[in-house]
Amino acid sequence: MSKVSSSRFRHLIEEHFDNLDLNVVCRKKRHAYAIYWADDHQPLARLRPTGRFDEVEVYHWDDGHWRQVGEFGLVVPLEESLEFITNDP
């Protein structure tokens, strides 16, 4: 996949969850996309584009802060990150 524009990232994130009939809200904040459950606004994940094609760094919510996934972080293509979040929120 070629480099993804900022507006396209958000569209792809929202489309992924819509296709699964999961109600989330996606907000762009500080060069990243925070994803929250729509019903209770609990954080689900944060995706920060790396600037390399469609790769993003994945963060999870822990103890009031966004934290990297794993000891060294997780950088994967956008589609893979969405599958990861869906299968292991």
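Me: Is Phe9 buried or exposed?

Reply: This is a predicted model. A residue counts as buried when its relative accessible area is under 20%. Phe9 is at 4% relative accessibility, so Phe9 is buried.

Me: How many aromatic pairs does the structure hold?

Reply: There are 3 aromatic pairs. One of them joins Phe9 and Tyr33: the ring centres are 5.8 Å apart and the planes meet at 20°, so this pair is stacked. Planes under 30 degrees apart are what the term requires.

Me: Which elements hold Phe9 and Tyr33?

Reply: Phe9 belongs to helix H1 (residues 6-19) and Tyr33 to strand E2 (residues 32-37), so the contact ties together parts 24 residues apart in sequence. Tyr33 has a relative accessible area of 2% and is therefore buried.

Me: What is the geometry of the pair formed by Tyr36 and Trp66?

Reply: For edge-to-face, the planes must be over 60 degrees apart. Tyr36 and Trp66 have 65° between their planes and 6.4 Å from centre to centre, and the pair is edge-to-face. Tyr36 is in strand E2 and Trp66 in strand E5, 30 residues apart, and the pair links these distant parts of the chain. Tyr36 is buried because its relative accessibility is 11%, whereas Trp66, at 22%, is partly exposed.

Me: Which residues form one aromatic cluster?

Reply: The cluster consists of Tyr36, Trp61 and Trp66. Tyr36 also has a charged neighbour: Arg27 lies over the face of its ring, 5.3 Å from the ring centre.

Me: In what sense do strands E4 and E5 pair?

Reply: In a regular strand, side chains alternate between the two faces of the sheet. Here strand E4 (residues 55-62) pairs with strand E5 (residues 65-68) in the antiparallel sense, over 4 bridges. Asp62 has His65 of E5 as its bridge partner. The hairpin has 2 residues between the strands, and Asp63 takes a positive phi near 55°.

Me: What pattern does the chain follow along the sequence?

Reply: The order is α-β-β-β-β-β-β-α, from 2 helices and 6 strands. As for overall size, a compact globule of 89 residues would have a radius of gyration near 12 Å, and the chain agrees with 12 Å. Its C-alpha atoms fill a box of roughly 35 × 30 × 25 Å along the principal axes. Of the 89 residues, 34% count as buried.

Note on methods: Residues are numbered from 1 along each chain as its sequence is written. This is a predicted model: local features need pLDDT of at least 70, side-chain atom pairs count only at pLDDT 80 or more; totals for chains, interfaces and linings use all residues. Side-chain values use heavy atoms; hydrogens and water are left out. Two strands pair if DSSP finds at least two bridges between them. Rings of Phe, Tyr and Trp (its six-membered ring) pair if their centres lie within 6.5 Å; planes under 30 degrees apart count as stacked, over 60 as edge-to-face and the rest as tilted. Buried means under 20% relative accessible area, exposed over 50%, partly exposed in between (1.4 Å probe, protein chains only). A charge sits over a ring if NZ of Lys or CZ of Arg is within 6 Å of the ring centre and within 35 degrees of the ring normal. The radius of gyration is taken over C-alpha atoms; the globule rule is 2.2 Å times the number of residues to the power 0.38.
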